[in-house]
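I have opened a new structure today. These are my notes on what I looked up.

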Amino acid sequence: MSLELLKKQMDEMDNKINKLGSDLNKKSIIISSLEKEFEKISNQLLTEKQTFTSMEENKKYLAEVKRDTESNYLQIENAATTLLEILKSKTDKI
């Protein structure tokens, strides 16, 4: 009778081990899936950071272009005003 009890206990332990092994496999699959999702999100974040950095650089460049364009416009405006004054003074003498 004690051998039967021992066999029963061994069978129960085998069942528990098999159940734990099955649970471990399921959890390993979930962990693997989560790791892949994390990697995907991490890559997306890196791409978005790079895009943001690029946009910030473009913003700075465009601010410089705007400043230079405004400066050039003022120089052209001043030159045109000077030319008009010169022409006016020349025509007034005629």
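I started with a pair: Lys 7 and Asp 11 sit four residues apart in helix 1, about one turn of the helix. I note that the model is predicted. Their side chains meet in a salt bridge, at 3.4 Å from N to O. I checked the cover on each. Lys 7 counts as exposed at 51% relative accessibility, and Asp 11 counts as partly exposed at 35%.

I searched the whole structure for salt bridges and found two. The other entry joins the side chains of Asp 23 and Lys 19, again with 3.4 Å from N to O. Asp 23 and Lys 19 are four residues apart in helix 1, so about one helical turn separates them. Asp 23 is partly exposed, at 26%. Lys 19 is exposed, at 54%.

Next I looked for nonpolar surface. Leu 3, Leu 6 and Met 10 form a nonpolar patch, with about 330 Å² of accessible area together. Leu 6 belongs to helix 1, which covers residues 2-93. Leu 6 has a relative accessible area of 43%, so I list Leu 6 as partly exposed.

Then I took the whole chain. The C-alpha atoms fill a box of roughly 135 × 10 × 10 Å along the principal axes. Buried residues make up 0% of the 94. The chain exposes about 9,300 Å², with 61% of it from carbon and sulfur atoms.

Last, I checked charge. The mean positions of the 16 positive and 17 negative charges lie 2 Å apart.

Note on methods:
Residues numbered from 1 in each chain as written. Predicted model: local features only at pLDDT ≥ 70, side-chain atom pairs only at ≥ 80, totals over all residues. Heavy atoms only, no water. Patch = residues over 30% accessible without salt bridge, like charges linked within 9 Å, V, L, I, M, F, W, Y side chains within 5 Å. Areas by Shrake-Rupley, 256 points an atom, 1.4 Å probe, with all protein chains shown as cover. Salt bridge = Lys/Arg side-chain N within 4 Å of Asp/Glu carboxyl O. Helix = DSSP H or I, 4+ residues; strand = E, 2+ residues; numbered from the N terminus. Buried < 20%, exposed > 50% of the residue type's maximum accessible area, 1.4 Å probe, protein only. Lys, Arg positive; Asp, Glu negative; His and termini not counted. Charge placed at Lys NZ, Arg CZ, Asp CG, Glu CD.
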